Amino acid sequence: MERAPKPAKLVRKSWVKPGMAKQPEIEMVEELKSMPKQEAKPAPKVLKKERVPMLVKLAHRLRAKSEPKRAAKSIRARFASTIQEASHKRWDRIAENLSLPAITDRSDFVSRLIITSTPLSYYNHGSSMLRLSRCVRQRPLRAFAQWVDKSTGKLDSAGIEAKWKARWAEIKAQRQRQKQDQAPLSAEDIEQLFYVLVMFPYPSGVLHMGHVRVYTISDMLSRFHKMNGQRVVHPMGWDAFGLPAENAAIERGIAPDEWTRSNIAVMKDQLSRILADFDWDRELATCDPAYYKWTQHIFLQLFKHDMVYRKEAVVNWDPIDQTVLANEQVDKDGRSWRSCAVVEQRKLKQWFARITDYAQELLDDLETLDWPEHVKSMQANWIGRSEGAELEFVLDMPVSSNQRQSISVFTSRPDTLFGVSYLAIAPDHPLVSREYLPAQCADAVLQCAQELINRQSGGGDRSQRTKAGVFTGLYARHPLDTNRRVPVYVADYVLSEYGTGAVMGVPAHDTRDYEFCQANAVPVHPPVIEPESTDLGGDSAVFTGLGVLRNIPENGAFGGMSSKDAHLAIVAAAATRGLGKSVVNYRLRDWLLSRQRYWGAPVPVIHCQSCGAVPVPESDLPVKLPEDVVLSGRGGSPLAHATDWLNCECPKCRQPAKRDTDTLDTFVDSSWYFLRYADPHNPALPFGSLAASAAMPVDIYIGGVEHAILHLLYSRFISKFLWKTGRYGSKALERDLSVSAELKAAVARKEAAGARNGEPFKRLLTQGMVHGLTYKEPSTGRFLKPDEVQTAAKGTLPRIIATGETPTVSYEKMSKSKYNGVDPGETVAAYGADVTRLHMLYLAPP
């Protein structure tokens, strides 16, 4: 059997034979060779430093007289073998997924793809480009050559970008007109759907290079999957509520809505300049009533299922401005950023969500996710599952003989119980009051407790958090040795919202407890546990590991037991006395939803003296923000002063009532936006069950690692809640008779292959942070604007213009608040969007 002849090799001398029609690569080489000699110089140094896209580099190589044939040969070798295998069906499929009309000028289009999709070559997906090139009948560089200035050899990136931006706008407008003729969703559509999502930005008004990087990554992935024939969902929106807009409104005297929407317009234009291709027909903004209507609806669903409740919680209070402050509004000295008053801690009734009900599920399902291990570890540590015991210490001298007073503590180390030297309670623990404190020391204890509370507010010297405390004058009895009296201290490191607000101090076996005893002259009880081996003891005064209970009188019958056995035996002994039990504790606390702000979604609840807290009827949503509110940053919640909006009628008894004046935490807005993207124009529901089930979970979620805990945790919680209550997912579709069996099966297969149990994000890409040169005032730590600093000449230090001081210089995450962002507009104008995009990926690959 004869073998097929090998294809002829492309030899430099015989590549162009006599009589052969000139190919566009050769035409371009000849054009470049014909340039004046002085123009055929290497690329400017600045372009060599910038990692320019593949074909821009090639253009400069072609200008060098020494290698025009070699460069042209490499191009022909790449495409020649595939040109003969053109597949019109494949081309039409790709063109449809790339939002293109009937393709006639294929050469021009593919050259544009090669130039603008250079991130694909960065990811070594050249095979995708080869598959695409099979559909091309003309050589791709013919169109490329027309964009090279023959006199300078520079690529006219602005001209190319202007052409294709206009073409894309025309194509998208055409597709919008054709949407009404689209066929219904099919099982094949569901299987081919690929959801690429980038964390939506806060509209601060200006993009910087950090934004360019994250949006380039998502755009690159979106284009790659489109070119592989998948139905890509790649939406964009705006996390538009929040404190910065309210502060800007106060400073500039404009409405937050006006400031926010003007910023959105600017940032949307900037995204267009970097050629980010988003599904703008799915655009949303969380400050739109059409969006926060459904945020309020989700709150009411939580209310309906007893997943939200109202209780008192500590807030930062400015006594001069008479308003609540966010933690970031309290400086390092514990003072208000605006009035400079010492911030106080006050308790206000606020709304909480029972995220702790989902703690174990949130922890277990981390193992099913394709996320970076360090992010999963951060979430697991935040949830903080601890197996231990809850032990009760009865006060030695209860105030009332009719009622026993006791202190309940949680410990993960019951085996150290006999080494307890003191009990520590939070500064705002119920026992810290004149009702329980001995009269002779009540004043001093209350004063110290208030100072500790203020320190916990976010200001003060946090390095002293583990050492500050005061003796209360109270004693409690040891649960298994009633002859021992244990002193009770107020300690800075104990927080009322964690556990029971009380812990036991065992300085011989806990480093923090040992430091507290040293700082407050607390007698240290001798060690009650020793290492199993003398080699494990070390020279430290504190042994924190597991070991064996020492055979000493204090340990009683438990002496000689291992830590593991003693753990079980001690808890059992305390339980027989009614003073202990085994418990599983979580570091995770319920989610505080309330904010005393104006620029947020109002809590949809009405307070009636007769009926209590009454949910706003669904038909009355959205509860819109009043527009005639004067924002001053003083006097508490601005909504409390909008009397026409505040006063209303109770939906139950029709008696006069008042609206809730809190707004929802902005994390509530961002905890479900990915579901709204799946069905953004639905007027009747937050999202259709089939639309959300077909899209979810998000195949790849891209964003900063700074959101690795709270945003992701809250999004997982809300997504799981909606999935469990039948708002989307395969179980929700089972009850929907309007959905075909074929579609239900497709959703079930997608769900089984992706993240399960309502997990919203199958894969997570945390791209890190882009840092910028940052200046700070040494004395206050205030970030300085560039025009406040006189930059230094080489070999000299910069100085602050106003004071002459040398600023603190560092590289920190680019942020508008730090005035260290680099405007991508300058780079795009000089080198083009493609060079800018590839440069960011090259310097900081994900």
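Biologist: Where does R727 lie?

Modeller: This is a predicted model. In it, R727 sits in the loop between α25 (710-724) and α26 (730-734).

Biologist: What is the nearest side chain of opposite charge to R727, and how far away is it?

Modeller: That side chain is E618, at 7.0 Å. R727 has no salt bridge, although it is buried.

Biologist: Which side chain does R727 join in a polar contact?

Modeller: The side chain of H297, at 3.2 Å. Beyond its neighbours within four places in sequence, R727 is also in contact with other residues, including Q301, L685, P686 and F687.

Biologist: Are H297 and Q301 buried or exposed in α15?

Modeller: Both H297 and Q301 are buried, and other buried residues of α15 include W294, F299 and L300. The helix covers residues 289-304 and reaches 22 Å from its first C-alpha to its last, close to the 22 Å expected. Just after α15, D306 takes a positive phi of about 55 degrees.

Biologist: Changing topic, which way do the residues of strand β24 point?

Modeller: In β24 (residues 700-703), I700 and I702 point one way, while Y701 and G703 point the other way; all are buried. In a regular strand the side chains alternate between the two faces of the sheet.

Biologist: What stands opposite Y701 in the paired strands?

Modeller: L197 stands opposite Y701, and β1 (residues 193-198) runs parallel to β24, with 3 bridges. In β25, the bridge partner of Y701 is L764; β25 (residues 764-766) also pairs with β24 in the parallel sense over 3 bridges.

Terms used:
Residues numbered from 1 in each chain as written. Predicted model: local features only at pLDDT ≥ 70, side-chain atom pairs only at ≥ 80, totals over all residues. Heavy atoms only, no water. Helix = DSSP H or I, 4+ residues; strand = E, 2+ residues; numbered from the N terminus. Buried < 20%, exposed > 50% of the residue type's maximum accessible area, 1.4 Å probe, protein only. Lys, Arg positive; Asp, Glu negative; His and termini not counted. Salt bridge = Lys/Arg side-chain N within 4 Å of Asp/Glu carboxyl O. Polar contact = N/O pair within 3.5 Å; in protein donor to acceptor, adjacent residues only side chain to side chain. Contact = heavy atoms within 4.5 Å. Expected span 1.5 Å × (residues − 1). Pairing = 2+ DSSP bridges.
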